[in-house]
Amino acid sequence: MADFSGLWLCTEVENFENFAEKLGISWMMKKVASATGWGKGVKKIAFKMEPGGKQIEIEEHTPFGKTTATLVVDGSSRDHKDPSGAAGKVIATWNGETLLQDFTRSKDSKLVRTSRCLEGGELLETLECDGVVARRKYAKQ
């Protein structure tokens with residue numbers, strides 16, 4: 001289990017326009033997100049991890065505001081809201097050093113898979129929905 005504790009700044013983004021399209025994000029929200037580089041140099045994410053990694057608080061800071069969510073990493077399905085505020089169910093697990101989240105949105109049953117791992121001192125975040133993959137890299141602050 002990796003320790004993501006601390007504050008991270010987004011330094012690279014890949015394919016978020018196509019990912020947002022797949023999620024059905026409105027034209028206006030995509031326009032604003034694009035104008036802010038899809039979070040590059042702006043988006044921050046902070047992790048507070050309980051010993052053993054069974055509970056993780058994730059605080060995300062974006063141009064749209066701040067969101068906080070608590071993940072219970074035990075493979076059970078729990079009520080959850082994603083950073084956009086969409087409600088659904090999340091299942092969080094560890095696969096070795098990688099944190100996996102499967103989030104199914106209530107409004108349309110879309111499954112968004114997120115994985116996070118450390119590589120070379122960077123936090124790598126990969127999101128996938130219906131075959132469209134987007135990635136972010138973060139540097140520790």
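Before anything else, a term: a strand here is a DSSP run of E with at least two residues, numbered from the N terminus. The model I am reading is predicted.

**Entry 1: Asp 102**

I started with Asp 102, which lies in strand 7. Its relative accessibility is 27%, so I put Asp 102 down as partly exposed. Setting aside neighbours up to four places away in sequence, I found Asp 102 in contact with Lys 89, Val 90, Ile 91, Leu 111, Val 112 and Arg 113. I also checked the spacing to Ser 115: 13 residues along the sequence, and 8.9 Å from C-alpha to C-alpha.

**Entry 2: Gln 101**

Next I took Gln 101, also found in strand 7. Is Gln 101 buried or exposed? It counts as buried, because its relative accessibility is 9% and the cut-off for buried is under 20%. Leaving out residues up to four places away, I listed what Gln 101 touches: Ile 58, Leu 71, His 80, Val 90, Ile 91, Ala 92, Val 112, Arg 113, Thr 114 and Arg 116. From Gln 101 to Ala 69 I noted 12 Å between C-alpha atoms and 32 residues in sequence.

**Entry 3: the largest nonpolar core**

Then I turned to the largest nonpolar core, which has 17 residues. Phe 4, Ile 45, Phe 47, Ile 56, Leu 71 and Leu 123 have the most contacts inside this core. Which elements give two or more residues to it? I wrote down strand 1 (6–14), strand 2 (44–49), strand 3 (55–62), strand 6 (87–95) and strand 7 (98–105). Strand 2 provides the largest share, three residues.

Beyond four places in sequence, Leu 123 is in contact with Phe 4, Trp 8, Ile 45, Phe 47, Arg 116, Cys 117, Leu 118, Arg 136, Lys 137 and Tyr 138. There is also a second, separate core of eleven residues, with Phe 16, Phe 19, Cys 129 and Val 132 among them.

**Entry 4: Val 132**

Having met Val 132 in that second core, I looked it up by itself. Val 132 is found in strand 10 (residues 132–140). I logged Val 132 as buried because its relative accessibility is 17%. With neighbours within four places left aside, Val 132 is in contact with Asn 15, Asn 18, Phe 19, Lys 22 and Leu 127. Val 132 and Ala 20 are 112 residues apart in sequence, yet I read 9.5 Å between their C-alpha atoms.

**Entry 5: aromatic rings**

How many aromatic pairs does the structure hold? I counted three. I marked both Phe 4 and Phe 47 as buried. With Trp 94, Phe 4 and Phe 47 form one aromatic cluster.

**Entry 6: the largest pocket**

I went on to the largest pocket, which holds about 1100 Å³ of space. Its lining has 41 residues, and those closest to the centre are Leu 23, Asp 82, Pro 83, Ser 84 and Arg 136. Several elements each supply at least two lining residues, including helix 1 (16–23), helix 2 (27–35), strand 5 (77–81), strand 8 (111–119) and strand 9 (122–129). Strand 4 gives the most, five residues. By type, I sorted the lining into 18 nonpolar, twelve polar and eleven charged residues.

**Entry 7: two positive phi values**

Last, I checked the backbone. Most residues other than glycine have a negative phi, so I flagged the exceptions I came across. Ser 109 is not a glycine, and its phi is positive, near 60 degrees. Ser 109 has its place in the loop between strand 7 and strand 8, and I call Ser 109 exposed because its relative accessible area is 56%. Asp 130 also has a positive phi, about 50 degrees, without being a glycine. Asp 130 lies in the loop between strand 9 and strand 10. With a relative accessible area of 48%, Asp 130 went into my notes as partly exposed.

Key
Residues are numbered from 1 along each chain as its sequence is written. This is a predicted model: local features need pLDDT of at least 70, side-chain atom pairs count only at pLDDT 80 or more; totals for chains, interfaces and linings use all residues. Side-chain values use heavy atoms; hydrogens and water are left out. A nonpolar core is a set of buried Ala, Val, Leu, Ile, Met, Phe, Trp, Tyr and Cys residues joined through side-chain atoms within 4.5 Å. Buried means under 20% relative accessible area, exposed over 50%, partly exposed in between (1.4 Å probe, protein chains only). Helices (H or I, at least four residues) and strands (E, at least two) are DSSP runs, numbered from the N terminus. Contact means heavy atoms within 4.5 Å. On a 1 Å grid over the protein atoms alone, a cavity is a set of points where a 1.4 Å probe fits but cannot get out, and a pocket is an open set with protein on both sides within 12 Å along at least five of seven lines; lining residues have an atom within 4 Å of a point. Grid points are joined across faces, edges and corners, and a volume is the space filled by probe spheres set on the points. Ala, Val, Leu, Ile, Met, Phe, Trp, Tyr, Cys and Pro count as nonpolar, Asp, Glu, Lys and Arg as charged, and the others, Gly among them, as polar. Rings of Phe, Tyr and Trp (its six-membered ring) pair if their centres lie within 6.5 Å; planes under 30 degrees apart count as stacked, over 60 as edge-to-face and the rest as tilted.
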